[in-house]
Amino acid sequence: MGEQMEIENTNENGSSEIELTETENELYDRQIRLWGLESQKRLRTAKILISGLGGIGAEVTKNIILSGVHAVKLNDANSVTEDDFCSQFLAPRTSLGKNRAESSIERAKALNPMVEISADTQPISEKSEDYFCGFDVVVITGATNNELLRIDEICRRNDIKFFAGDVWGMFGYTFADLNDHAFVEDVAKHKVISKPNEKVKTELVTTTVQRELKFAPYQAVVDFDINSPSYQKKLKRTGPAFLLLRVLQKFREEFGRDPSYKSRESDLQELLRIRDILGSTDLLTTDYLENTFSQISPAAAVVGGVLAQEIIKTVTKKEAPNCNLFLFDPQTCCGFIEAIGVN
């Protein structure tokens, strides 16, 4: 029992340090080789909130638990539906109609017994500011823009790292607001090692560089002008993924849900109506909108994997994070990054 508990030592400056046990060193050996012992120690103390246990939420949960964080809180007030069986692998089929967070607990705990995992069935919209202050990282999926704005403002005030993400069909996105984020990055350069008058020889030398990025709040995504001339010029190159995100967010706000295969034809007409109102008719064709029903497993795996990777990079303070919006195009099945509101 004692071997599975972290050991707390006090260094010469009087501050406490978390030391990994022998069991943890063995379990996380490959990760320690990849990103270093200090990064793994930072993960070992991190407390993560994951709200929304759809397919993307399950994917993020799996990767974060396997990384070896201290604690994960799973928050979801919704029940398991047949839609979830497209991508939500943590909730067994026998849990149909039961709470989604509670139904995901057993399989989540089996991934890594060293991580503290708990469920919360209260709607995220009812949570006060104090609730979020108990976490180092807050991850929100399945929420409206208004709720994302509220939670992001709370996180910025309390220096909490904020992430949002979602998957609709084969389309998905992730967003990060890390406020002022410091990190280290390994930079490789060629160094000349040959002597004068000899044929030039070089070797690759890696140095660690301290850097900092300033992130924009989620408000920048909401306020972004999709009809600006500069952005319209980019559309033929990047595709209409950001326009699709705007349409789907508007649908969620109007109807309090996402497009459903059970009402596919009527929902598709509503998506087309919203698209026309936003003025993005030319590039955002019906083919794009037809790919936005349920959370499809491959898209959830890709987008959820990207989101989990960004969380791990943020906690470990290792390598440059994506700044700040990642979009996964359902037609090309390729992802790209848009810097929204970032100088």
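The structure is a predicted model in which local features need pLDDT of at least 70 and side-chain atom pairs count only at pLDDT 80 or more, whereas totals for chains, interfaces and linings use all residues. Residues are numbered from 1 along each chain as its sequence is written, and side-chain values use heavy atoms, with hydrogens and water left out.

The protein chain is assigned domain 1 (22–179 + 297–338), domain 2 (181–214) and domain 3 (220–291); domain bounds of this kind come from an automatic or database domain assignment. The C-alpha centres of domain 2 and domain 3 are 44 Å apart.

Pockets and cavities were located on a 1 Å grid over the protein atoms alone: a cavity is a set of points where a 1.4 Å probe fits but cannot get out, a pocket is an open set with protein on both sides within 12 Å along at least five of seven lines, and lining residues have an atom within 4 Å of a point. Grid points are joined across faces, edges and corners, and a volume is the space filled by probe spheres set on the points. Helices (H or I, at least four residues) and strands (E, at least two) are DSSP runs, numbered from the N terminus. For residue classes, Ala, Val, Leu, Ile, Met, Phe, Trp, Tyr, Cys and Pro count as nonpolar, Asp, Glu, Lys and Arg as charged, and the others, Gly among them, as polar.

The largest pocket holds about 960 Å³ of space. Its lining comprises 38 residues, with Asn 78, Arg 100, Gly 142, Arg 257 and Asp 258 nearest the centre. Domain 1 and domain 3 each supply at least three residues to this lining, and β7 makes the largest contribution of any element, with three residues. The classes represented are nine nonpolar, 18 polar and 11 charged residues.

The second largest pocket has a volume of about 230 Å³. Of the 13 residues that line it, Asp 136, Lys 161, Thr 314, Val 315 and Lys 317 lie nearest its centre. Two or more lining residues come from each of α3 (37–45) and α13. Five residues of this lining are nonpolar, three polar and five charged.

Across the whole structure, two cavities of 30 Å³ or more were found.

Elements contributing two or more residues are α7 (145–157), β7 (161–168) and α10 (241–255). This lining divides into four nonpolar, three polar and two charged residues.

Helix α10 also packs against helix α11 (residues 264–278), at an angle of about 115 degrees and with the axes 9 Å apart. Axes are lines fitted to C-alpha atoms, for helices over the stretch in contact, and angles run from 0 to 180 degrees between N-to-C directions. The crossing is right-handed, a term that applies if the near helix is turned clockwise from the far one by less than a right angle, and left-handed if anticlockwise. Contact (heavy atoms within 4.5 Å) involves Arg 246, Val 247, Leu 248, Lys 250, Phe 251, Glu 254 and Phe 255 of α10 together with Asp 267, Glu 270, Leu 271, Arg 273, Ile 274, Arg 275 and Leu 278 of α11. Seven nonpolar, no polar and seven charged residues form this contact.

Two backbone features were also identified. A cis peptide bond, with omega of about 10 degrees, joins Cys 323 and Asn 324.
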